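Hi,

Here is the structure I promised to hand over. Please open it alongside this note; my findings follow below.

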Amino acid sequence: MSTFNSLPAHILLVHFIVVLAPLTAVLLILSAVWPAARHRLVWLSLALAVIVVVLTPITTDAGEWLEKRVGRTPDLRTHTHLGDTFIYFALGLLVAAALVAFVHVRESHGRALSRLLVGIVAVLTLAASVAATVQVYRIGESGAQSTWHGVSAQPPRTHPTTGQVLPK
């Protein structure tokens, strides 16, 4: 998918990642450290992690399509490089979600897990969640820089005689 209603699809798809990856991370952390939350959120967290993994290469491909249509700058190269790495962070969220689901299934079948194992899953989940959220921020920041760098430094367009700001 390259466009949607004549807009570049990347611009639309990236917002799903920006919302779903941190949301998934928060739900996974809650599920990993709070058994009551795990009981309610484990399957939603796992489904969201799968969606993030599926959407990531689609979003990246749409970004590559868009990249071919705009001027390639150092800022855009940085954004592209960071965007290409996100699949690994998305897979980390999916692995964390699978581990939390494993803990949930074992507990729901009455099989007690050691506190050490549950703690290790919680630490891994926290690490994957924080890493994915930070990477989403870094990718988004670099994308904003590649799009808007220098725009705020430009003076607004004004009417030559009245000095009123002109609409774009």
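The largest pocket is lined by 30 residues. Nearest its centre lie His10, Leu66, His79, Gly143 and Ser146. Keep in mind that this is a predicted model. The space in the largest pocket comes to about 780 Å³. Helix 1, helix 2 (35-67), helix 3 and helix 4 each give two or more residues to the lining. Helix 4 provides the largest share, eight residues. By type, the lining holds 15 polar, 12 nonpolar and three charged residues.

Next, helix 4 itself. It runs over residues 115-148, 34 residues in total. At 1.5 Å a residue it should span 50 Å, and its end C-alpha atoms are 49 Å apart, so the two values agree.

Which residues of helix 4 are buried? They are Val118, Val121, Ala122, Thr125, Ala128, Ser129, Ala132, Gln135, Val136, Ile139, Ser142 and Gly143. The cover over these buried residues includes helix 1 (9-33) and helix 3 (74-108).

Is Ile11 buried, exposed or in between? Its relative accessible area is 39%, between the 20% and 50% cut-offs, so Ile11 counts as partly exposed. Ile11 and Ala62 are 51 residues apart along the chain, and their C-alpha atoms are separated by 8.6 Å.

Best wishes

Terms used
Residues are numbered from 1 along each chain as its sequence is written. This is a predicted model: local features need pLDDT of at least 70, side-chain atom pairs count only at pLDDT 80 or more; totals for chains, interfaces and linings use all residues. Side-chain values use heavy atoms; hydrogens and water are left out. Helices (H or I, at least four residues) and strands (E, at least two) are DSSP runs, numbered from the N terminus. The expected span of a helix is 1.5 Å times one less than its number of residues. Buried means under 20% relative accessible area, exposed over 50%, partly exposed in between (1.4 Å probe, protein chains only). Contact means heavy atoms within 4.5 Å. On a 1 Å grid over the protein atoms alone, a cavity is a set of points where a 1.4 Å probe fits but cannot get out, and a pocket is an open set with protein on both sides within 12 Å along at least five of seven lines; lining residues have an atom within 4 Å of a point. Grid points are joined across faces, edges and corners, and a volume is the space filled by probe spheres set on the points. Ala, Val, Leu, Ile, Met, Phe, Trp, Tyr, Cys and Pro count as nonpolar, Asp, Glu, Lys and Arg as charged, and the others, Gly among them, as polar.
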